[in-house]
Amino acid sequence: MKKFLDLGMQPLANKYLTSNDLKNKKKEQFYHLEVGFDNKTKLVSILNKVPSQKMFDDNYPYRSSMSKTMIRSFKALSKKIIKFYKPKIILEIGSNDGSLIKNFNKKKVICVEPCKNLAIITKGKGFKTYAEYWNISLAKKIKSNHNMVDLIYSANTLSHISDLDSVFKSINHVLSNDGVLIIEDPSLLECLKRVAYDQFYNEHIYVFSLLGIQNIIKKFNFEVFKVEKLKTHGGSLRYYIKRTSNSKIKISSNVKKQLNAELRYKMDKFTTYIEFKNKVERSKKKLVELLYKIKKNDKKIIGYGSTAKSVTVLNYCKIKSEILDYFVDTTPDKTKKYMPGTHIYIDKYKKSLLNNVDYIFLGAWNFKDEIFKKEKDFIKKGGKFITHIPTPKIV
Ligand code: TMP
C-alpha cells in the first residue's frame, strides 16, 4: 500500500459521547487516518486499521432503517432477488436492524450481525440470527446447521472487514455451486469524482472498485457477472458474483462498461490518487473559508445528519461548535450525545430546531434529495444548505 492521503488524527467515527463522558473527560481513542493505493490489487484502503471489536460492539448506533431511501432500495432488491434467483435460503452478512431481510419469509433467512444491540432486533422478530463476526468458523457452523446457501447478500459490510481473503474464503465455504453472492458498497469511482474524502473513516477500511473486487475474488474462482450503479451512500456499486464454473449465468456487458469507466478515469494509476489528494486539500480550504465567512456575518449554522462521514470532515477541517451550533439527527442512539472529536451537540431531530437557523451544513449529503424534500419549509423561508460535495458551496 502506498500512501496518498493524510486526513490527520481522527476519533473512532461512531463513538458518540454522552454528557457524562464529557464531564468525566473521557479519553477518546484517536488514530491516524491515512489512505493508500495498492498497485498490485488496485485496492484503496486506510492504512492504520482499528480492530473490529473496537468498532462493532454491542452499542453500535448506525441503523439502516433510518432512511426511506435505504428502505426503498432494499425493498426493490428483495423483489428482484425473489424474481430472478428464487433462493431457498438467503444469508445476509451485516444484517443491521433487518431492513433488507424483513422483505423475506422468516424461514428462509439467516442473519449475521456481530453488534448485539442490532442482532437482538432481528432475533426478536423471529429471524435466525448469529451475533458473530463473519469468518471461517462461523461459515463452518452455518454450513453444518443449514447446509449450503444459494444466495448471500451483504451491503456496506465487507468493506468494513480488513482480511478480505478470510471474507471470501468463508463465503466460498457456504455458497452452493450455482449460488449467487450480491455485495454493495460505496463506489471508489464516485468517491473520486465527488471528492468525497469523507468516505474514509476507521470503519470504511476499503472503498471498493470493480477493478479491486475482481482481483480479490478471482483467487477463489469467483467472477462478477453484473454490476448496478446505485444512488445510495453517495454512489454505490452492487456486484453480482458467481462461481467461474457456473456457466448457466451469462456475464452482462455492463461489467465491461464499468471496468472501462474505471480505466478511463485511470483508477489503476497512482497519479490519479495524488490528484485526488490535491482536490481534497483544496476542498478543506474552501469549506473552512466559506464557513468562517458566514459566521463573521453573525449567521447561525447547524449540521444535519451526524454521520460518520461528517466526523472525518469536521476533524480534518477542525470545525467545532464555534461554527456549528449543533447537529440534528433522527437516530435514537446518536441523539442527546456529542460528535466524536469535535464535541458538537447532536439534538433529536424536530422541525422547530431549524427555526432561526440561517444555514445547514449537510452532514448526510448522500440523502440530499430526501432531506431537501423534507425541509421544503426551511428552504421556502430563505434557509440555505451548505455542502462540501463535490466542492464546498451554498445550495
Ligand atoms: P449515513 O450517511 O451514514 O447513512 O447516515 C445518515 C445519517 O443521517 C443518519 O444518522 C440518519 C441521519 N438522517 C436524518 O437525521 N434525517 C434524515 O432525513 C435522513 C435521511 C438521515
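User: How much of the protein chain is buried?

Analyst: Buried means under 20% relative accessible area, exposed over 50%, and partly exposed in between, with a 1.4 Å probe and protein chains only. In the protein chain, 56% of the 395 residues are buried. This is a predicted model, where local features need pLDDT of at least 70, side-chain atom pairs count only at pLDDT 80 or more, and totals for chains, interfaces and linings use all residues. Residues are numbered from 1 along each chain as its sequence is written, and side-chain values use heavy atoms, leaving out hydrogens and water.

User: How many helices and strands are there?

Analyst: Helices (H or I, at least four residues) and strands (E, at least two) are DSSP runs, numbered from the N terminus. The protein chain contains 13 helices and 18 strands.

User: Which residues does the cis peptide bond join?

Analyst: The bond lies between Ile389 and Pro390, with omega at about -5 degrees. Pro390 belongs to the loop between β17 (384–387) and β18 (393–394).

User: What is the phi of Lys25, and is this residue buried or exposed?

Analyst: Phi of Lys25 is near 50 degrees, a positive value in a residue other than glycine. Lys25 sits in the loop between α1 (19–23) and β2 (30–37). Its relative accessibility is 72%, so Lys25 counts as exposed.

User: Where is His343 found?

Analyst: The loop between β14 (337–338) and β15 (345–348) holds His343. Although His343 is not a glycine, its phi is positive, about 60 degrees. His343 counts as partly exposed because its relative accessibility is 32%.
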